[in-house]
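I keep these notes while going through a structure one feature at a time. Each entry says what I looked up and what I found.

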Amino acid sequence: MAGKSVAKEVSKRKIDPFTTFIPFGCILILCAYFIIAPENSTAALEVIRSFLGDRCGVYYLIIGLGFFLVSLWLAFSKIGNITIGKQGEKPKYGFFSWGAMVFTCGLASDILFYSFCEWIYYYEDAHVMGFGDINEWAATFPLYHWSLIPWSFYAVLAAAFGFMLHVRGCHKQKYSEACRPILGKHTDGVLGKVIDILAVIALIAGTATTFSIATPLLSMILTNLFGIEASKYVSIGILIVVCGIYTTSVMNGLKGVNMLSKICMILFGILLAYVFILGGEARFSIETGVTSLGNMVQNFFGLSTWTDATRTEAGFAQNWTIFYWAYWMVWCVAAPFFMGMISRGRTIKQVIMGSYIFGTASTLISFIILGNFGLGLKVHGRFDAVAQYHANGDDLYQTIIDIIHQLPLAPVFLVVLALAMFAFYATSFDSITMVASNYSYKNIEGEETASKKMKLFWAVLLIMLPIALIFSEGTMANLQTVSIIAAFPIGIVMILIVASFIKDAKARIGEGVESDAAPEGKKKK
């Protein structure tokens, strides 16, 4: 008992108030603002979005394309041969276990929501129509927005954080620490603290956007199955249940996260198989998917650099591509950090290419099967989801339910979908809670993890802003704006992290230790 009490006291002294209490205070202020003055908060968000998304949008596009190109260079350069860990060390997790955690840690339930409906957004868009056959291009843009560039953010930063944790042997699990090779002593000063505070706020903004986008679909599923009237209070109740699930999981450490991620992948596979086999659109889904992939590859650089400079296409780039890059950027505070934590024993190349193979492939399969099912129903005259979307008052959540009801035994599918959404939420947010909890300490020694009290603190904090956004009945534009604002400063930090990683990795190659960890006495402090 005495040993335990001493350990608790040590943990208390390690708490970093800058990355714990300042973000907490900021979130309390934002929550109060969204709840008390919803109209004023919406107006303020719109002004900021107009400046960052419209006037500075090219900034996000350049970062996106740059990360993709850097990811390929890192993987196939000498840096790619560096092992994350000690010489000859084997990966702690098998490929499926590792891949399942990689895929589920940074997507949450949004992938299921957008897989079903994103093509509807594009079906009547003038810019998308200009490319040619709308049936092909409405299915192409979702693949583009959820594949190579988004996963390049995760892949590169996962390699950088893994190198920082398992090769450099850093005891500070913070965003600023990854910038130390460039910032030097300034990492421990005001600049480092600013970076860490921005990172935590961006993390909370990303989770708020994710919870607020997909939770109403869960609410709609419960309404459909049990006749519960849909309301913001039902959505809030769902958030509390999800919080309870991922809190329970994260209390069991990586063992709980690993188990939950496998359950999530099994449910995800059942959903895809159900739609593919029983939906009646298997041939159309595959053929449209292959065509869409071809369209994306052939036009990749054009799509990645198109800014709509004349603003003749109703701000398509600003409303979609720029939003998505910003959305993934704010998730880069936690998801790649977790990916780096679990990647010990793998080479830089394996981390980057494995992220693409497992993460991108799973994401593309989801959109090809679930998205092209609804599109196929429309093309073949079985069910017009676009017309139904307008008939529902542009309510995408109800439209998704209507699409699902075209499946045999739709209630059974809805039950599995609800379970999968809960699992996706839980697997994403238990990994985020774990990373955020470690962020709250000045130092983390070896395999040490945050206390259960700290994990509980972050588990609750992560759902506060989503609840406030639901209370304020924030629109999709509001949710997009939260991510765009938070991602702007984070983009600069991401560039610093990659530059620091390359500098440090090249130094190690120059020392002739490109495949093993530095001796204990040479580890950088």
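Which residues make the nonpolar surface patch of about 460 Å²? I found Phe276, Ile277, Leu278, Ile286 and Val290 there.

Before going on, I note the ground rules. This is a predicted model, in which local features need pLDDT of at least 70 and side-chain atom pairs count only at pLDDT 80 or more, while totals for chains, interfaces and linings use all residues. Residues are numbered from 1 along each chain as its sequence is written, and side-chain values use heavy atoms, with hydrogens and water left out.

**Entry: the patch**

I looked up what a patch is: its residues have over 30% relative accessible area and no salt bridge, with like charges joined within 9 Å and nonpolar side chains (Val, Leu, Ile, Met, Phe, Trp, Tyr) within 5 Å. Accessible areas come from the Shrake-Rupley method with a 1.4 Å probe, and for residues only the protein chains shown count as cover. The nonpolar patch is made by Phe276, Ile277, Leu278, Ile286 and Val290. The elements giving two or more residues to it are α13 (253-278) and α14 (282-298). Helix α13 gives the largest share, 3 residues. Helices are DSSP runs (H or I, at least four residues), as are strands (E, at least two), numbered from the N terminus.

I then took Leu278, which is placed in α13. Leu278 counts as partly exposed because its relative accessibility is 43%. The cut-offs are under 20% relative accessible area for buried, over 50% for exposed, and partly exposed in between (1.4 Å probe, protein chains only).

**Entry: helix α9**

Helix α9 (residues 148-166) has 19 residues and reaches 26 Å from its first C-alpha to its last, close to the 27 Å expected at 1.5 Å a residue. The expected span is 1.5 Å times one less than the number of residues. I found 18 of the 19 residues of α9 buried, so the rest of the structure largely encloses this helix.

**Entry: aromatic pairs**

How many aromatic pairs does the structure hold? I count 44. Rings of Phe, Tyr and Trp (its six-membered ring) pair if their centres lie within 6.5 Å; planes under 30 degrees apart count as stacked, over 60 as edge-to-face and the rest as tilted.

The ring centres of Trp137 and Phe141 are 6.1 Å apart and the planes are at 50°, so this pair is tilted. Both residues lie in helix α8 (residues 134-145), 4 residues apart, about one turn of the helix. Trp137 and Phe141 are both buried.

For Phe268 and Phe424, the centres are 5.5 Å apart and the planes at 90°, so the pair is edge-to-face. Phe268 lies in α13 and Phe424 in α21 (residues 410-439), so the pair ties together parts 156 residues apart in sequence. Phe268 is buried, at 3% relative accessible area, and Phe424 is buried at 0%.

**Entry: salt bridges**

I searched the whole structure and found 8 salt bridges. The rule is a side-chain nitrogen of Lys or Arg within 4 Å of a carboxyl oxygen of Asp or Glu.

Glu89 and Arg344 meet in one (2.7 Å, N to O). Glu89 is in the loop between α4 (57-76) and α5 (95-105), Arg344 in the loop between α17 (335-341) and α18 (348-379), and they are 255 residues apart. Glu89 is partly exposed at 26%, and Arg344 is partly exposed at 23%.

Arg168 and Glu177 also form a salt bridge (3.9 Å, N to O). Both are buried. Salt bridges with shared partners join Arg168, Glu177, Arg180, Asp188 and Asp504 into one network.
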